[in-house]
Amino acid sequence: MTSVSHPAASTWSQDQPVKVRVPWHQRLQPANLLWLFLAGILVVLIVAPMWTLVVSSFTDAKTGGWTLHNYVEAYGKERHITALTNTLKMGAVVVVLKLAFGVPLAWACTRTDMPGRNFVRYSVFGAFIMPPYLAGVGWILLAGPNTGWINRVWHSLSGSTEPLVNIFSFGGLVLVTAIGGFFLVFVLVSSAFEMINSEMEDAANILGAGPFKTAMKVTFPLVMPAIIGAALLSFLGAIALYGVPALISIPARYPVVVIQLTEFFSFPLRIQVAAAYSIPLLLITAAMLGLQKLILRRKGYVSVSGKGGERRIVKLGRWRWVLFAYCFCVVALSVLMPLFVLLLAAFSDSWTTGFSFSNLTLSNFHYVLFEHSSSQKALVGSIGLGIVAATVAITLALFIAYIVQRRLIPFSGLLAFLAVSPYVVPGIVLAIGFYAAYALPPIALYGTYTIMALAFITRFLPIAFTTSSAGVRSIHPEMEEAVRILGGGRVTALRHVVGPLLKRTLAGGWLLIFVPAAQELSTAIFLVGPTTRVVSVVLLDLSEEGELEKLAALGSLLLIIIVAVVALGMKYLGRDFMLRRS
């Protein structure tokens, strides 16, 4: 009997999946080349400056060989070590103050029936909009030991020759640093408060706990991860802030790291020593991250589950006015008082004369707009850098987030890590890294807007990436697959589907980058040149010249521009876009 093979057998064998090896040159499609190009940009922006910083710290300036002499010179003098210990002490106290300001205000605005919650929210946003160095100038006008308005009133009332308050002190330094940065604590902790439900709080109330005891025993512990994260970022921001120490710590004779670093950039330039002196800030950052993980590792903070939970407002009774009084004091210290004296000084012929109609003038604004060439160019430069940094960062972050979320290339998780890593690198350390990598020959970008734009893009890329990543994650891939079925590629899907769907999210992220980029100082201070000034640096120059009235006028113009941009953002995105996008 002859066996005949059934046709179905042949058909079945032909239907088996066959792996076809595609040559590498055929896989290099234009879209894939774009993803690799963007990934390369991300690596160059972040890895190159940090690697150059580390290498420079071990490089001999004369021979180019390896050496430890830079570390010996950086930490071989007592005042250099004192500056480091002072910085750590200042950072620790600033963290305590920021938490004392930000956490109660976040709880009051999100979980209680405190009156005036919208007023407090808008005022806290004012702390975000106002640059820390402008708040420092405002407090110099208020609490200067000799001519500050508070002390002048005190002298006239008491007859004492001693100042009531002295901003040029350790207390003044930490106060101004804290009020200029507690917005971050407020945003992070507010978001955490809004995520938890009231079931455990209700249980505590049933057992007899009052609102404040419930908050201390139940609510605050549940948001401890957010509080610890905010404390970490607050510490890193405090030790790297330049403007406030430049205004206050030098007259107070309280040396800190950022001021010591400026000495290494004076003649003769010692970039290798500056790199060595800044490395401990990176090590401190790593240690803080490790400490955060250690604290949170063995404790559970889960308060959001699959079951629905109602978030009820806590009734404070008569204590709600006490809480409002505390919140008002915080916003008065951080925004209302310094802003008031800044505006008054901007319209005054002499701020030491005090308020009088004969002392009012517009000459300060005329000077900075039409007579002082550095001010005009600085305003254009700051706004331009803010626009460029926000636009490039949000565009780059969108592509990188798309790569990471859709896993288009291997090691996409590494790209995500690189994209968020600049957030824990102090701005002044990042500036030194960019100086070492790009300022000197053969690239020679020192003193150009290009190097500042690159540094700003890198510094604020984590904000853009976090915003873009959350947006891309919310879009189902099947919408992009529909575009590809119709013949479009991934770039087409990104342009015509993902981008339009995320335009509000991207606009919110753009604004959150533009505001700090337009007023950035810590990164710009080592990268500006004689012809590429920005407003923050010009304000410091005017402060050193004693031109506080003109300084206040220029700072007010910058604030007006930023407020106008934020107002447009609120009109388009909603009044709470900062909370939702942060």
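These questions and answers cover a predicted model.

Q: How many salt bridges does the structure hold?
A: A salt bridge here needs a Lys or Arg side-chain nitrogen within 4 Å of an Asp or Glu carboxyl oxygen. Among the pairs that meet this are Arg 533 with Asp 541 and Lys 550 with Glu 547. The total for the structure is five.

Q: Which residue forms a salt bridge with Glu 73, and how far apart are the closest N and O atoms?
A: The cut-off is within 4 Å. Glu 73 pairs with Arg 270, and their closest N and O atoms are 3.1 Å apart.

Q: How many residues apart in sequence are the parts that the pair Glu 73 and Arg 270 ties together?
A: Glu 73 lies in helix H4, residues 69–75. Arg 270 sits in the loop between helix H15 (257–264) and helix H16 (271–297). The pair therefore links parts separated in sequence by 197 residues.

Q: Is Lys 550 buried or exposed?
A: Lys 550 meets Glu 547 in a salt bridge, 3.4 Å from N to O. Glu 547 is partly exposed at 28% relative accessibility. Lys 550 has a relative accessible area of 18%. The limit for burial is under 20%, so Lys 550 is buried.

Q: What is the N to O distance between Arg 533 and Asp 541?
A: The two side chains meet in a salt bridge. Asp 541 is partly exposed, with a relative accessible area of 25%. The N to O distance is 2.5 Å.

Q: Are helices H5 and H6 parallel or oblique to each other?
A: H5 (residues 78–111) and H6 (residues 117–129) pack with axes 9 Å apart. Their crossing is left-handed. The angle is about 140 degrees. Roughly antiparallel would need over 145 degrees, so H5 and H6 are oblique.

Q: How many residues of helix H9 are buried?
A: H9 spans residues 170–179 and is mostly covered. Its buried residues include Leu 173, Val 174, Val 176 and Ile 179.

Q: How far apart in space are Ile 432 and Leu 53, C-alpha to C-alpha?
A: Ile 432 lies in helix H21, residues 427–439. Ile 432 is buried, at 0% relative accessible area. In sequence, Ile 432 and Leu 53 are 379 residues apart. In space, C-alpha to C-alpha, they are 7.1 Å apart.

Q: Is the peptide bond from Pro 441 to Pro 442 cis or trans?
A: Pro 442 is found in the loop between H21 and helix H22 (449–473). For the bond from Pro 441 to Pro 442, omega is near 10 degrees. That bond is cis.

Q: What is the phi of Ala 444?
A: Ala 444 lies in the loop between H21 and H22. Ala 444 is partly exposed, at 42% relative accessible area. Although not a glycine, Ala 444 has a positive phi of about 55 degrees.

Q: Is Arg 253 buried or exposed?
A: Arg 253 lies in the loop between helix H14 (243–252) and H15. Arg 253 has a positive phi of about 55 degrees without being a glycine. Its relative accessibility is 77%. The limit is over 50%, so Arg 253 is exposed.

Methods: Residues numbered from 1 in each chain as written. Predicted model: local features only at pLDDT ≥ 70, side-chain atom pairs only at ≥ 80, totals over all residues. Heavy atoms only, no water. Helix = DSSP H or I, 4+ residues; strand = E, 2+ residues; numbered from the N terminus. Buried < 20%, exposed > 50% of the residue type's maximum accessible area, 1.4 Å probe, protein only. Axes fitted to C-alpha atoms, helices over the stretch in contact; angles between N-to-C directions. Parallel < 35°, antiparallel > 145°, perpendicular 65-115°, else oblique. Left-handed = near helix turned anticlockwise from the far one by under 90°.
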